[in-house]
Amino acid sequence: QATLPLVVNTWAFTQATESAWLELQKSSNSIEALVEGCRTCQSLQCDFTVGYGGSPDENGESTLDALIFDGDTMNMGAVGGIRRVKDAIGVARNVLQNSEHSILVGSLAAEFAYSLGYASESLDTNYSKSLYDAWKQANCQPNFWKDVTPDPTESCGPYQLKPQTECSLTNEIEQDVPTVFNTGNHDTIGMIVINGDGHVVAGTSTNGANHKIPGRVGDSPIPGAGAYADSEVGAATATGDGDVMMRFLPSFLAVEQMRQGASPSAAARTAIARIATKYPSFFGAVIAVDKTGAIGAACNGMQKFTISVMNTTTQGAALEYVGC
Ligand code: SD4
C-alpha cells in the first residue's frame with residue numbers, strides 16, 4: 001500500500017528499517033534516517049556483509065563502500081574501498097554535506113574521515129580472519145581473476161598470466177560471474193527513505209565481495225548503480241554481484257523507467273532483465289519505489305528476494321518477498 005512516510009531496504013535487515021523509522025519519526029529528516037538505518041546494519045555487521053569484519057580482500061583486509069543520494073538536491077556523497085574507518089555511511093554523509101565532491105576512495109577517503117574526527121580502527125575480526133585463512137588454505141582460489149594461474153612458488157598470489165589460447169577466450173559470460181555471490185553471502189544494505197514531505201533519499205552500505213582483488217570498488221557507492229533517487233520520481237537501490245550490475249546502472253534505469261510511467265515493479269523488472277539478457281545467471285536484485293511510496297522489486301539468480309518495509313500501515317518492519 002502506497003503511503004508516506006516510508007522506509008524500505010534490501011534483505012531482512014529489520015533492525016535497520018526500524019532505526020531509520022525511529023529517526024524519521026524524531027526528525028522527519030530522510031538523510032538522517034537513512035544514515036541511522038545503514039549505521040545500525042554497520043554496527044550489527046548485518047550478514048557480515050555490511051560494516052567491518054566481512055568480505056576480506058586477497059590481503060585479508062575488509063574495506064567499505066557506502067553512498068547517500070539526495071533526491072531533492074541531486075547531490076550525493078560516497079566512499080569506495082575506505083580503509084580503517086567503521087562508519088562508512090557517516091563518511092558518505094560528510095562527503096555529501098561537507099565537500100563539493102561526490103566520491104572519495106581508499107586510504108585518502110580515510111584521511112578525509114580522520115580530519116573530521118573519525119577514529120582509525122582495524123576492520124578485521126576473528127571472523128574475517130577465519131574467512132581469509134580458509135581461503136588461503138583452499139589455495140587462494142582466484143575468485144575475481146580471469147586467465148591467470150596462481151604462482152606455485154607463492155603461498156597466495158601473485159598470479160601469472162596464462163598464455164592466451166583459444167580456450168581461455170571462450171565463454172566470457174560464465175567466467176565473469178563470480179561464484180561467491182549466493183544466498184549465503186548476501187548482502188549489501190540498500191535503503192530508500194521518503195519523509196512525509198516527499199523528500200526521497202536512497203543509499204547503501206557494504207563491505208563488498210569476499211576475496212576481492214585489493215582496490216576493488218563495487219556497485220554500491222556508484223550513483224545509478226547501487227542507488228539513485230529523484231524526489232520528482234522515486235528511487236531505486238540494488239544488491240548482488242556489483243561487478244556485473246554496475247555496468248548496467250540498474251538503479252538509474254529503474255528510476256528512469258518510472259519517470260516514463262512504469263510501475264515500480266515493472267521498472268525493477270526491466271532493470272533486472274537488462275542485466276540478465278547478457279548475464280543469465282547473475283545474482284542480484286533491485287528495489288524501486290515511486291514518490292507516492294508504492295514499492296516494487298525484482299531479482300535474478302536466487303529463489304526469492306526479501307525486502308523489509310516500514311510505513312504507517314505496517315506493524316514494525318514487515319518482510320515482503322518477491323519470487324525471481
Ligand atoms: C558489491 N553489491 O560490492 C555489493 C555487495 C553485495 O551481495 O550486494 N553483495 O558487489
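**View A. Strands β10 and β11 pair in the antiparallel sense.** Seven bridges link β10 (residues 234-240) with β11; strands here are DSSP runs (E) of at least two residues, helices are runs (H or I) of at least four, and both are numbered from the N terminus. Two strands pair if DSSP finds at least two bridges between them. T237 stands opposite I287 of β11. The model is predicted: local features need pLDDT of at least 70 and side-chain atom pairs count only at pLDDT 80 or more, while totals for chains, interfaces and linings use all residues. Residue numbers start from 1 along each chain as its sequence is written.

**View B. Strand β11 (residues 284-290) is largely enclosed by the rest of the structure, because seven of its seven residues are buried.** A residue is buried if 20 or more other C-beta atoms lie within 10 Å of its own, exposed if 12 or fewer, and partly exposed in between, with C-beta atoms placed from the backbone. In a regular strand the side chains alternate between the two faces of the sheet. In β11, G284, V286, A288 and D290 are buried on one side, and A285, I287 and V289 are buried on the other.

**View C. β11 and β12 form a hairpin.** Six bridges join β11 to β12 (residues 295-300), and the two strands run antiparallel. A288 has G296 in β12 as its bridge partner. Four residues lie between the strands, and G293 in the turn has a positive phi of about 100 degrees.

**View D. Helix α4 (residues 106-115) has buried residues A109, A110, F112 and A113.** They lie on the same side of α4 because they cover an arc of only 155 degrees around the axis, the arc being that of the directions from the helix axis to the C-beta atoms. These buried residues pack against β3 (75-82), α3 (88-98) and β4 (103-105). On the other side of α4, S107, L108, Y114 and S115 are exposed. G117 follows α4 and has a positive phi, near 105 degrees.

**View E. T188 lies in the loop between α6 (172-176) and β7 (189-194).** An unreviewed UniProt entry places the feature "active site" at T188; such annotations may be inferred rather than shown by experiment. T188 counts as buried because it has 35 C-beta neighbours inside 10 Å. Apart from neighbours within four places in sequence, T188 is in contact (C-beta atoms, placed from the backbone, within 7 Å) with T10, T49, V50, T204, T206, S220 and T239.

Key: Two residues are in contact if their C-beta atoms, placed from the backbone, lie within 7 Å.
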